[in-house]
Amino acid sequence: MKISIITTAYNSASTIKDTLKSVNAQTYCNIEHIIVDGVSKDSTLEIVRSYGDKIAKVISEPDKGIYDAMNKGIQAATGDVIGILNSDDFFADKDVIAKIANEFLEDSELEAVYTNLYYVQQNDPSKIVRHWISGPFKKKSFFKGWHPPHPTLYLRKDVYDKYGLFNLNFPLAADFELMLRFFEKHNIKTKHLPITTIRMRLGGATSKNWENVRKQNFECMEAFRANGFKSPVLYPIYRLLPKLLQFLKK
């Protein structure tokens with residue numbers, strides 16, 4: 001089974017080396033690593049190209065944002081299963097892909113695997129700030145503020161083929177909309193693997209300021225309507241409470 005890992009990047013020279021090293025260190029051997037770069041102006045591409053044929057494909061061209069770049073990577077991928085590893089994130093250990101691949105190999109009907117995630121300090125990724133422990137998916141969980149951590153999600157390629165890519169009408173919440181569509185609308189078969197696989201640096205676009213947080217919550221509510229669901233009136237509160245509790249989990 002081939003696993004495609006897509007990394008989108010733009011001016012990521014300060015962090016992407018950790019990302020590349022963590023992919024290169026994986027014990028699972030059949031990995032296709034695709035880099036989608038938005039024409040970085042720093043040394044991102046130099047760092048990427050220093051890894052030679054360990055990178056399966058490099059796409060460097062202007063894009064319409066991170067989700068457009070992710071769509072390009074998905075369309076270029078040839079793996080049976082696809083995951084996305086952001087250019088400021090890295091795997092928690094060297095056996096992550098082997099463990100995820102094993103779940104798909106054991107169950108041919110399984111369409112998605114996701115895990116838990118550590119948020120770490122931007123300048124010191126050894127320091128854990130928040131632990132996102134997800135848990136098994138239950139129908140209507142999205143309506144109560146639950147969703148899996150997208151950076152941990154691995155999907156069979158044919159799920160994208162059947163149900164579509166990231167919707168660019170949601171510039172801050174396209175990952176939420178996609179997961180809502182796949183999990184709640186199309187009822188894909190999912191499994192939560194109760195391990196932590198990703199260390200994610202704090203400081204993403206949606207958490208930079210309260211205005212972006214507000215806009216993301218609005219987009220999430222729109223995502224329900226876009227998929228034929230009634231948007232939960234108290235959704236922003238449902239979404240916020242689990243995130244606050246994550247700071248207390250170890």
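Which side chains does a polar contact of 2.6 Å join? Those of Glu-103 and Lys-191. This is a predicted model, in which local features need pLDDT of at least 70, side-chain atom pairs count only at pLDDT 80 or more, and totals for chains, interfaces and linings use all residues. Residues are numbered from 1 along each chain as its sequence is written, and side-chain values use heavy atoms, with hydrogens and water left out.

View 1. Glu-103 lies in helix α4 (residues 96-106). Helices (H or I, at least four residues) and strands (E, at least two) are DSSP runs, numbered from the N terminus. Glu-103 is buried, at a relative accessible area of 10%. Buried means under 20% relative accessible area, exposed over 50%, and partly exposed in between (1.4 Å probe, protein chains only). The Glu-103 side chain makes its 2.6 Å polar contact with that of Lys-191. A polar contact is a pair of N or O atoms within 3.5 Å; within protein, one must be able to donate a hydrogen and the other to accept it, and residues adjacent in sequence count only if both atoms are side-chain atoms. Leaving aside residues up to four places away in sequence, Glu-103 touches Leu-110, Val-113, Lys-191 and Leu-193. Contact means heavy atoms within 4.5 Å.

**View 2. Strand β6 and its partners.** In β6 (residues 112-120), 9 of the 9 residues are buried, so the strand is largely enclosed by the rest of the structure. Two strands pair if DSSP finds at least two bridges between them.
- β9 (residues 190-201) runs parallel to β6, joined by 8 bridges. Here Val-113 has Lys-191 as its bridge partner.
- β7 (residues 128-132) is antiparallel to β6, with 4 bridges. Tyr-119 faces Arg-130 of β7.
- β8 (residues 154-156) pairs with β6 in the antiparallel sense over 2 bridges. Ala-112 is bridged to Leu-155 in β8.

In a regular strand the side chains alternate between the two faces of the sheet.

**View 3. Helix α3 in its surroundings.** Of the 11 residues of α3 (residues 66-76), 9 are buried, so this helix is largely enclosed by the rest of the structure. Among them are Tyr-67, Asp-68, Asn-71 and Lys-72. The buried residues of α3 pack against several elements, including β1 (3-9), β2 (31-37), α5 (157-163) and α6 (174-185).

View 4. Ile-237 sits in helix α8 (residues 235-246). This residue is partly exposed, with a relative accessible area of 48%.
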